[in-house]
Amino acid sequence: MKIAARDASTGPVLEIVGDLDYGTAHELRERVARTTLEAGQRLVLDLSRLEFCDSSGITALIAARNHAAAAGADVALAGVPANTLRILRIVGLDQVFAVHPDARSATAAPSCAEALRDAGPGGA
């Protein structure tokens, strides 16, 4: 597995290439833990080049979500392969993660904080 990082206007984007499994999930957890996030930012995990994801990989994605939440940031998954999206749906994580067709749309979508702010008094 390889992880390529870049910055977007909404926050960091981590592109995950290869297999996210028992042997590699710790690499994503460690990389995310070293990623500084500020309140209101969005961490995008670009999975468009992900080849395989097992339960350890899913756990690493949840750890990334927890890291973002602790910083007051959002997390979004982009380009999720069909087989991984199926697993996310089966276990209900498609209701927990914002899922976008690609990294470009994930970095263009408003964050939860922006959506609440734009809704005005009384919330959405």
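Which residues does Thr24 touch, not counting residues up to four places away in sequence? Thr24 touches Met1 and Asp19, where contact means heavy atoms within 4.5 Å.

This is a predicted model, in which local features need pLDDT of at least 70 and side-chain atom pairs count only at pLDDT 80 or more, while totals for chains, interfaces and linings use all residues. Residues are numbered from 1 along each chain as its sequence is written, and side-chain values use heavy atoms, with hydrogens and water left out.

Thr24 lies in the loop between strand 2 and helix 1; helices (H or I, at least four residues) and strands (E, at least two) are DSSP runs numbered from the N terminus. Thr24 counts as buried because its relative accessibility is 12% (buried means under 20% relative accessible area, with a 1.4 Å probe and protein chains only).

In helix 1, the residues Ala25, Leu28 and Val32 are buried. They lie on the same side of helix 1 because they cover an arc of only 60 degrees around the axis, taken from the directions from the helix axis to the C-beta atoms. The elements below are among those that cover these buried residues.

| Covering element | Residues |
|---|---|
| Strand 1 | 2–8 |
| Strand 2 | 11–20 |
| Strand 3 | 42–53 |
| Helix 2 | 55–70 |

The axes of helix 1 and helix 2 come within 9 Å and cross at roughly 5 degrees; axes are lines fitted to C-alpha atoms over the stretch in contact, and angles run from 0 to 180 degrees between N-to-C directions. The two helices are therefore roughly parallel to each other (angles under 35 degrees). Helix 1 contributes Ala25, Leu28, Arg29, Val32 and Ala33 to the contact, and helix 2 contributes residues including Ser56, Gly57 and His67.

Terms used: Buried < 20%, exposed > 50% of the residue type's maximum accessible area, 1.4 Å probe, protein only. Parallel < 35°, antiparallel > 145°, perpendicular 65-115°, else oblique.
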